Amino acid sequence: MSKHITHWIGGAPVATAGSAPRRGDIFDPATGKVSGQVDFAELAEVDQAVSTAVEAFADWRGMSIARRTQVLFAFRELLNARKDELADIIVAEHGKVHSDALGEIARGLEVVEYACGIAQLSKGGFSQQASTGVDVYSIRQPLGVVAIISPFNFPAMVPMWFFPIAIATGNTVVLKPSEKDPSAALFLARLWQEAGLPDGVFNVVHGDKTAVDRLLEHPDVKSVSFVGSTPIARYVYETGTRYGKRVQALGGAKNHMLVLPDADLDLAADAAVNAGFGAAGERCMAVSVLVAVDPIGDELVEKIKQRMATLKVGPGCNGDSDMGPLVTGQHRSKVASYLDSGLADGAELAVDGRSHPVTEADNRGDSTADGFWLGPTLFDHVKPGMSVYNDEIFGPVLSVVRVTSYEEGLELINANPYGNGTAIFTNDGGAARKFQDEVEVGMIGINVPIPVPVAYYSFGGWKASLFGDTHAYGADGVHFFTRGKAVTQRWLDPSHGGLNLGFPTNS
């Protein structure tokens, strides 16, 4: 074990020196070896982080928008310059390939760049002479201390869905990252400090349910942003709102990709493989169900199988790997169990990922024999009610469902309890327009398999994929992290003056 990860509070790591009463192992998923340990916060550490953020809030909210924006720009430049370092950290602890780690950083940077425009984004309205001598205007103000609870699959991007806008609007942050890959959060904390963010504005506490529950209950935490599984999202939403907090809790998904007979099947097969097996399927926007409208099913499945056979599975740090391991051995075992249950339920195991070859060593020469590997897996003739269809597997398992018409495919998608993302592949503009109107899903791709919105729109699903009515980032993010006030004013006409011939500046 070479590293010890602890909390970041008030601009510095907490000096526990390995004395924390509870700790968790950090693994290298490609080798299966323990690479370090992370401290788990007790109530005292969470309370310390929150109280530090409370103290920092008064000064940070009072800092000019011009100064806040300068810090954001500096953070953006530092992160862009050091993105390869952060990508290496993600690869080492999560296991995804380096190019995929760079991709998540790039998407997170989009939100940072969006937040750099906070002066425009947070403007209120003004109505002069609403009544005689009376003006009315609106303003938006920060909430205070905000909590972010993020998952293992995007240790950089998901926190960046939230904290750039939270910080830009004048809030202070306590981030609780996944204990499975905690180092990225500390890297980001150090970048914030280097960018000039005052100590205490951005804090990190590591841990498990103890830390989560304290953040949900703490009276000084004003909002909670969460991404994870639907059962935990529901728990976070119900607990947080019971304690009077504003909560946005993004849950799980079972994303369907509907392929119509007129679609370009080569394009659809490429998209299914890319969206189904990228990041080893550990994406809430991964395509996990392909809905093929016959008679194209057999041809499409064959094209997908051909592409799957070419994928190189190996360590994420190896430049030629297409797909890395799963994040932990426990998660790998859970995902692999669906191969047996799918067969037992009557689905056809068209490609068994357990037999897919794996690169024998990483680029340092370390053996991958004990890594958390499962190759790309394909089930065909899957039906609703089977576990591989019903459950969010969160691994490299793609299920093909055959239907006879667009209407049957649409009905299947709308009947699913999840409503995160979906896609349609077709060359018929009328069918695509009809689909985007009729499908009961929050994010829709038309010949785009992973329709994650750009930063100036907002991310979020429907039904069991979102608890709360506010999506992440974009305009929804600005509104989530601020509260509105309406001001009605009447003034006498005072006279005042003074001489200053210098050019006015912002400060």
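Patches are built from residues with over 30% relative accessible area and no salt bridge, like charges being joined within 9 Å and nonpolar side chains (Val, Leu, Ile, Met, Phe, Trp, Tyr) within 5 Å; accessible areas come from the Shrake-Rupley method with a 1.4 Å probe, and for residues only the protein chains shown count as cover. Tyr 457 sits in the loop between β20 (443–446) and β21 (462–463), and with a relative accessible area of 56% Tyr 457 is exposed. Here buried means under 20% relative accessible area, exposed over 50%, and partly exposed in between (1.4 Å probe, protein chains only).

## Basis of the description

This is a predicted model, in which local features need pLDDT of at least 70 and side-chain atom pairs count only at pLDDT 80 or more, whereas totals for chains, interfaces and linings use all residues. Residues are numbered from 1 along each chain as its sequence is written, and side-chain values use heavy atoms, with hydrogens and water left out.

## Overall dimensions

The protein has 16 helices and 23 strands, where helices (H or I, at least four residues) and strands (E, at least two) are DSSP runs numbered from the N terminus. Its radius of gyration is 24 Å, close to the 23 Å that the globule rule gives for 507 residues, so the protein is as compact as a globular protein of that length; the radius is taken over C-alpha atoms, and the rule is 2.2 Å times the number of residues to the power 0.38. Along the principal axes, the C-alpha trace spans about 80 × 60 × 45 Å.

Of the 507 residues, 57% count as buried, and the accessible surface comes to about 20,800 Å², with 51% of it belonging to carbon and sulfur atoms. Among contacts (heavy atoms within 4.5 Å) between residues at least 6 apart in sequence, 73% join residues at least 24 apart.

## Nonpolar cores

A nonpolar core is a set of buried Ala, Val, Leu, Ile, Met, Phe, Trp, Tyr and Cys residues joined through side-chain atoms within 4.5 Å. The largest such core has 69 residues, and those with the most contacts inside it are Trp 161, Phe 163, Phe 202 and Phe 459. Helix α6 (residues 157–168) gives the most to this core, with 10 residues. A second, separate core of 63 residues includes Ala 280, Leu 326, Ala 350 and Val 439.

Beyond four places in sequence, Phe 202 touches a set of residues that includes Trp 8, Phe 163, Ile 167, Val 173, Leu 175 and Trp 192.

## Buried positions and their surroundings

Asn 203 belongs to strand β10 (residues 202–204) and is buried, with a relative accessible area of 0%. When neighbours within four places in sequence are left aside, the residues in contact with Asn 203 include Trp 8, Ala 49, Thr 52, Val 173 and Leu 175.

In helix α8 (residues 209–217), the buried residues are Ala 211, Val 212, Asp 213, Arg 214, Leu 215 and Leu 216. The elements that cover them include α1 (43–62), β8 (145–149), β9 (172–176), β11 (221–227) and α9 (230–242).

Ala 464 is found in the loop between β21 and β22 (466–467) and is buried, at a relative accessible area of 16%. Ala 464 and Leu 250 are 214 residues apart in sequence, yet their C-alpha atoms are 8.7 Å apart in space. Residues up to four places away not being counted, Ala 464 touches Thr 230, Gly 251, Gly 252, Pro 417 and Tyr 418.

## Salt bridges

A search of the whole structure finds 27 salt bridges, each defined as a side-chain nitrogen of Lys or Arg within 4 Å of a carboxyl oxygen of Asp or Glu. One of them joins the side chains of Arg 22 and Glu 42 (2.8 Å, N to O). Arg 22 lies in the loop between β3 (12–13) and β4 (23–28) and Glu 42 in the loop between β5 (33–39) and α1, so this pair ties together parts that are 20 residues apart in sequence. Arg 22 is partly exposed at 25% relative accessible area, and Glu 42 is partly exposed at 24%.

Asp 362 forms a salt bridge with Arg 364, the closest N and O atoms being 2.6 Å apart. Asp 362 is buried, with a relative accessible area of 6%, whereas Arg 364 counts as exposed at 53%. Both residues belong to a network of salt bridges that links Asp 28, Asp 362, Arg 364 and Asp 366.
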